[in-house]
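Here's a quick briefing to read alongside the model. Keep the viewer open and click through the residues as they come up.

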Amino acid sequence: MQTLREITTLKDKKILLRADFDVPVGKDFVITDAFRILKQKPLIEYLVEREAKVVIAAHISATDSFADLIPQLHILLGYEVGFIKTIEDIPGYFENYQGVGLLENIRQLKGETENDEIFAKSLSESFDLYINNAFAVCHRQHASVSAITKFLVSYAGPLIEEETSKLNNALVAPKEGKILIIGGAKATTKAPVIKNFLDKADKILLGGVVANDFLKAKGVDVKNSVVDNNYLELLAGLDLNSSVLLAPSDFNFSEEKILDIGPQAMTEYSKVIQTAKMIIWNGPMGMFEDERFAGGTKAIAEAIVGSNAFKIAGGGDTIAALNKFGLAGKFDASAGPGTGFLSTGGGAMLSFLSGEELPGLDALEYYDN
Ligand code: ADP
Ligand code: MG
């Protein structure tokens with residue numbers, strides 16, 4: 001994997017930067033959480049300071065177009081950002097280069113999600129080199145993440161380096177004192193992580209719908225609780241009786257549905273968390289969006305923050321929960337040296353922690369080293 005340190009001069013280099021600007025957007029196109037954009041800021045600054053000419057390719061799911069977000073991007077990044085509607089407009093943008101440009105939502109352009117090589121080639125044409133700094137899309141086999149590296153000299157940005165190094169530590173750190181906490185909704189993306197950590201963690205604490213799946217598979221009556229349709233298939237191959245796996249011992253039920261872990265489970269989980277040396281957390285313990293069912297997630301978040309362990313957390317809703325409780329800052333390196341890491345990756349983080357090879361990292365030759 002080539003990194004930026006290997007580029008001798010950036011001055012006047014035309015750079016295609018795959019960034020991650022996939023942020024939640026509320027009413028009137030207001031960006032409600034800028035975490036991912038702010039994680040791109042240091043690299044953009046680095047490139048601008050070295051007088052590189054940068055065009056950013058990124059996608060957004062919460063709205064169709066970046067056009068309405070440009071003024072907010074200007075404020076967040078501290079630079080004017082030019083808007084480029086189509087790939088055909090890139091050469092003209094460079095001819096009259098005034099500063100960092102942002103290409104329209106790349107997922108709206110035909111060929112991106114198909115990893116189309118003709119699309120990737122036409123995207124590559126105006127550029128000297130490509131930098132991928134979008135860890136959160138590395139689990140996607142998309143043209144601006146994968147096929148593009150066939151047409152441009154390619155480099156991993158600092159966020160790719162940071163994410164892969166922190167998450168790789170989570171995989172290889174000694175099992176003793178390593179705790180994995182998995183909650184949330186979609187067991188499809190979470191079961192492979194649980195399976196991969198069964199021999200890598202001291203304890204795996206389950207919550208959310210994932211715990212419902214696990215309990216139902218064990219024959220526990222979960223009443224009308226939400227359960228994945230194919231829960232048995234998803235958990236196949238997992239030793240349900242492993243002493244590593246912990247399910248909640250009590251629940252907060254509402255209308256026959258488990259919607260949060262109960263007070264006893266909160267205490268038991270917090271005790272395990274207190275002894276940890278490393279904690280990896282993805283997925284809320286309950287339906288935390290509703291105040292009545294936020295207690296379990298909050299108790300777990302507070303226990304993690306209060307422990308001396310190195311803390312890693314990721315996932316859109318997990319980070320939203322941390323923000324809601326005002327605890328997101330406690331996971332960051334800014335809370336003190338070596339205290340923790342918030343991943344920008346939801347699906348990408350889970351895929352990495354599952355031990356899968358991510359197409360975007362493969363395209364950067366991460367696995368060849
Ligand atoms: P993340 O984005 O952090 O990976 P997920 O998207 O997997 O997390 O799951 C988050 C969602 O799971 C939240 O919307 C939350 O309300 C829901 N959830 C958690 N526990 C339950 C439960 N017991 N029943 C129904 N929904 C739940
Ligand atoms: Mg989510």
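This is a predicted model: local features need pLDDT of at least 70, side-chain atom pairs count only at pLDDT 80 or more; totals for chains, interfaces and linings use all residues.

Residues are numbered from 1 along each chain as its sequence is written, chains are lettered from A and ligands numbered from 1 in the order in which they are written, and side-chain values use heavy atoms, with hydrogens and water left out.

- Two packed helices are described by the angle between their axes and the distance between the axes.
- Axes here are lines fitted to C-alpha atoms, for helices over the stretch in contact, and the angles run from 0 to 180 degrees between N-to-C directions.
- For the angle words, under 35 degrees is roughly parallel, over 145 roughly antiparallel, 65 to 115 roughly perpendicular, and the rest oblique.
- Helices (H or I, at least four residues) and strands (E, at least two) are DSSP runs, numbered from the N terminus.
- On the H1 side, Ile37, Leu38, Lys41 and Ile44 make the contact, and H2 answers with Leu73, Leu76 and Leu77; contact means heavy atoms within 4.5 Å.
- Sorted by class, this contact of H1 with H2 has six nonpolar, no polar and one charged residues. The classes are Ala, Val, Leu, Ile, Met, Phe, Trp, Tyr, Cys and Pro as nonpolar, Asp, Glu, Lys and Arg as charged, and the others, Gly among them, as polar.

**Helix packing: H9 with H10**

- The axes of H9 (residues 263-274) and H10 (residues 295-306) come within 9 Å and cross at roughly 20°, so H9 is roughly parallel to H10.
- The crossing of H9 and H10 is right-handed.
- Met266, Tyr269, Ser270 and Ile273 of H9 touch a set in H10 made up of Gly295, Gly296, Ala299, Ile300, Ala303 and Ile304.
- By class, that contact of H9 with H10 has seven nonpolar, three polar and no charged residues.

**Salt bridges**

- The count is 14 salt bridges, with the rule being a side-chain nitrogen of Lys or Arg within 4 Å of a carboxyl oxygen of Asp or Glu.
- Arg18 pairs with Glu112, with the closest N and O atoms 3.9 Å apart.
- Arg18 sits in strand S1 (residues 14-18) and Glu112 in the loop between strand S4 (101-103) and helix H4 (117-124), so this pair ties together parts that are 94 residues apart in sequence.
- Arg18 is buried at 0% relative accessibility, and Glu112 is buried with a relative accessible area of 0%. Buried means under 20% relative accessible area, exposed over 50%, and partly exposed in between (1.4 Å probe, protein chains only).
- Lys200 and Asp199 form a salt bridge at 3.7 Å, N to O. Lys200 is partly exposed at 23%, while Asp199 is exposed at 57%.
- In Glu302 and Lys298, the closest N and O atoms of the salt bridge are 3.9 Å apart. These two are four residues apart in helix H10, so about one helical turn separates them.
- Glu302 is partly exposed at 42%, and Lys298 is partly exposed at 36%.
- Lys11, Asp12 and Glu51 are joined into one network by salt bridges that share partners.

**Positive phi**

- Glu51 has a phi near 60°, a positive value in a residue other than glycine.
- Glu365 has a positive phi of about 60° although it is not a glycine.
- Glu365 is in the segment after helix H13 (359-363) and is partly exposed at 48%.

**Around Met349**

- Where does Met349 sit? Helix H12 (residues 347-353) holds Met349, which is buried at 1% relative accessible area.
- Leaving out residues up to four places away in sequence, Met349 touches Phe135, Leu167, Trp281, Asn282, Ala313, Gly314 and Ser343.

Definitions and conventions: A crossing is left-handed if the near helix is turned anticlockwise from the far one by less than a right angle, and right-handed if clockwise.
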